[in-house]
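Me: Could you take a close look at one part of this for me? I'd like to understand how the copies of the chain sit against each other.

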There are 4 protein chains.
Amino acid sequence: MSTILQHDLDIRVRYAETDAMGFLHHSNYFVFFEMGRTELFRAQGGSYRVMEEQGLFLVVVKIECHFKAPARYDDLLTLTTKIARVTPVKLEHEYEIRRNGELLTTGRSTLACIDRNGRVQRIPEVIPGLESE
Amino acid sequence: MSTILQHDLDIRVRYAETDAMGFLHHSNYFVFFEMGRTELFRAQGGSYRVMEEQGLFLVVVKIECHFKAPARYDDLLTLTTKIARVTPVKLEHEYEIRRNGELLTTGRSTLACIDRNGRVQRIPEVIPGLESE
Amino acid sequence: MSTILQHDLDIRVRYAETDAMGFLHHSNYFVFFEMGRTELFRAQGGSYRVMEEQGLFLVVVKIECHFKAPARYDDLLTLTTKIARVTPVKLEHEYEIRRNGELLTTGRSTLACIDRNGRVQRIPEVIPGLESE
Amino acid sequence: MSTILQHDLDIRVRYAETDAMGFLHHSNYFVFFEMGRTELFRAQGGSYRVMEEQGLFLVVVKIECHFKAPARYDDLLTLTTKIARVTPVKLEHEYEIRRNGELLTTGRSTLACIDRNGRVQRIPEVIPGLESE
């Protein structure tokens, strides 16, 4: 099993993601966090797409974000996604977004796993970082 | 069968829909057009949601939009959605968006109907305006 | 000064806001919360649009959301937006989203006020709920 | 002046961009086209961001898209952006989106240039492909 628990992803701010204040609208950070989870899992050798095709879905139970400084159109951001904690029923990630090394945003999320009928499932063992019980 | 072929919908421009130019970003007009189709169909006594639950999906084949004047945050827009033409395999709509009577945007779309496997189906007869063959 | 500190807003889930899981994508809840703040302030007799035209901008410093049950396309949701706390430099809101009375989501945000140059300003007195110092 | 009139950009479909049908929602293609214009201009040595800082804004006057086959979550798409025609007052682009060589979508847009006050300006000469009058 992979021991990769962290991944860096470069994201260019799109014009459509800005708002009338001239800033990256805050709702987009949650889209970025999701991209980070996809790419971290890919770096670990997994695929959320395949997991979904097999009938398992990771859903966000709780998510938060702290904004320290705004980003703007065409900024090249680096999102760091870390697995903070994995239990049999919960998957916790932490996020940091930087621009040229300056920390702009931090985030944290808790995910659970459900099947096609919405029933809670154990976090699949393909997710690295699962604590032994 | 209903003979309602036109529907007006009021839409308030959200902050998240604006861009750094201070305008409603142009990609959102296509989201509005889709809302217009949903509400026109509801006014006709139908439900896209129920249609989908029954396994029929309306997909956009072609869509276009002409922009005459921009909209801004908090503008109250009126979207007029009209059925322009219905054939056994195609559904054409026309759209107009106004602010206080001023025409800001016009659009036009062509939809087709598919089943869960992506195969093209006849436009369901519940869609008003279907021309007799 | 108005003493309205709470506002209910009905929001219909748009097709474009759903995701491949069939649910309202979680990033959209933050867009809804912002709509709730706009409408609460309008109900209080204010206008964020006018505030911005006068050079004051409310920016999100911290935001979080807890998801208890998913929403789907065409669901009619009721968002309750409450002012939880106002200090000279911070504005805290709480949010609840219900569908037919069932609580789906709760949220909480902290906003600050900045001027055109990004400098922190006192929360304007037009915001109801400001604690006397 | 650069003679680069075409640019290829790889775009990974985000989960938030999918809809309940399981497809990339059609409104996102217009966001992708805009990314293509940004990157084509960058490849030519220009910067839309700098152009905006200098007070010139490119606005979409007309845009259209034809959908041949859907894209899905995690698909890696290639967007080809071409300058089709430049006149003193109009900038026309053509777009093609492919997945593993298969053509999924084509588009076409017309842009105009305005200043901060919304007055139409000549297309700046830094835009390659400007026809001599």
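Reply: Let's start with what counts as touching: two residues are in contact if their C-beta atoms, placed from the backbone, lie within 7 Å. Keep in mind that this is a predicted model. With that cut-off, the contact between chains A and B takes 9 residues from chain B and 9 residues from chain A. Sorted by class, the side of chain B that touches chain A has 4 nonpolar, 4 polar and 1 charged residues.

Now, how are the two chains placed? In general, two copies of a chain are related by a rotation about an axis and a shift along it.

Chain C has its own story with chain A. A rotation of 180 degrees, again with 0.0 Å of shift along its axis, superposes chain C on chain A at an RMSD of 0.0 Å. Here the C-alpha of chain C nearest the axis belongs to Glu64(C), 2.0 Å away from it. For this pair, 100% of the interface residues of chain C are also interface residues in chain A, so these copies meet through the same surface too.

Terms used
Residues numbered from 1 in each chain as written. Chains lettered and ligands numbered in written order. Predicted model: local features only at pLDDT ≥ 70, side-chain atom pairs only at ≥ 80, totals over all residues. Nonpolar A, V, L, I, M, F, W, Y, C, P; charged D, E, K, R; others polar. Least-squares fit on C-alpha atoms with pLDDT ≥ 70 in both.
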